[in-house]
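Trainee: I would like to learn how to read a structure feature by feature, with the criteria stated as we go. Could we take it up with the coordinates in view?

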Amino acid sequence: MHGRETTRDEYLTAAREMTEAGRPTLARLLAEEAAERTPDPVAAARILAEFPGHSLRTQL
């Protein structure tokens with residue numbers, strides 16, 4: 001939808017879909033976005049644990 005920000009739950013849904021599609025790297029990136037949108041650090045860590053792997057993000 002144009003003009004609104006993607007929600008944490010939408011990122012998680014997309015991450016799970018990418019896992020099912022055999023795209024773990026994309027799933028991890030989407031999970032990282034979901035974790036960033038999660039104010040509770042314990043919940044954010046739980047999200048990242050569901051999608052193992054190393055971050056491929058670069059810092060600008």
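Trainee: Leaving aside its neighbours within four places in sequence, with which residues is H54 in contact?

Mentor: Contact here means that heavy atoms lie within 4.5 Å, and on that criterion, with neighbours within four places in sequence left aside, H54 is in contact with R28 and E32. Bear in mind that this is a predicted model, in which local features need pLDDT of at least 70 and side-chain atom pairs count only at pLDDT 80 or more, while totals for chains, interfaces and linings use all residues. Residues are numbered from 1 along each chain as its sequence is written, and side-chain values use heavy atoms, with hydrogens and water left out.

Trainee: Where does H54 lie, and does it count as buried or exposed?

Mentor: Helices are DSSP runs of H or I with at least four residues, strands are runs of E with at least two, and both are numbered from the N terminus; in those terms H54 lies in the segment after α3. A residue is buried under 20% relative accessible area, exposed over 50% and partly exposed in between, using a 1.4 Å probe and protein chains only. H54 counts as exposed because its relative accessibility is 74%.

Trainee: Which residues of α2 are buried, and against what do they pack?

Mentor: An α-helix has 3.6 residues a turn, so residues three or four places apart point the same way. In α2 the buried residues are A27, R28, L30, A31, E32, A34 and A35, and the buried residues of this helix pack against α1 (8–20) and α3 (41–50). The expected span of a helix is 1.5 Å times one less than its number of residues; for the 13 residues of α2 (residues 24–36) this gives 18 Å, which agrees with the 18 Å between its end C-alpha atoms.

Trainee: What is found in the loop between α2 and α3?

Mentor: T38 is found there, and T38 is buried, with a relative accessible area of 8%. Apart from neighbours within four places in sequence, T38 is in contact with R8, A43, A44 and I47. The loop between α2 and α3 is also the place of R37, which is partly exposed at a relative accessible area of 28%. Not counting residues up to four places away in sequence, R37 touches E5, T6, T7, R8 and Y11.

Trainee: How many helices and strands does the protein chain have, and why is the chain called as compact as a globular protein of that length?

Mentor: The protein chain has 3 helices and 0 strands. The radius of gyration is taken over C-alpha atoms, and the globule rule is 2.2 Å times the number of residues to the power 0.38. The radius of gyration of the protein chain is 11 Å, close to the 10 Å that the rule gives for 60 residues, so the chain is as compact as a globular protein of that length. Buried residues make up 27% of the 60 residues, and among contacts with a separation of 6 or more, 46% are between residues 24 or more positions apart.
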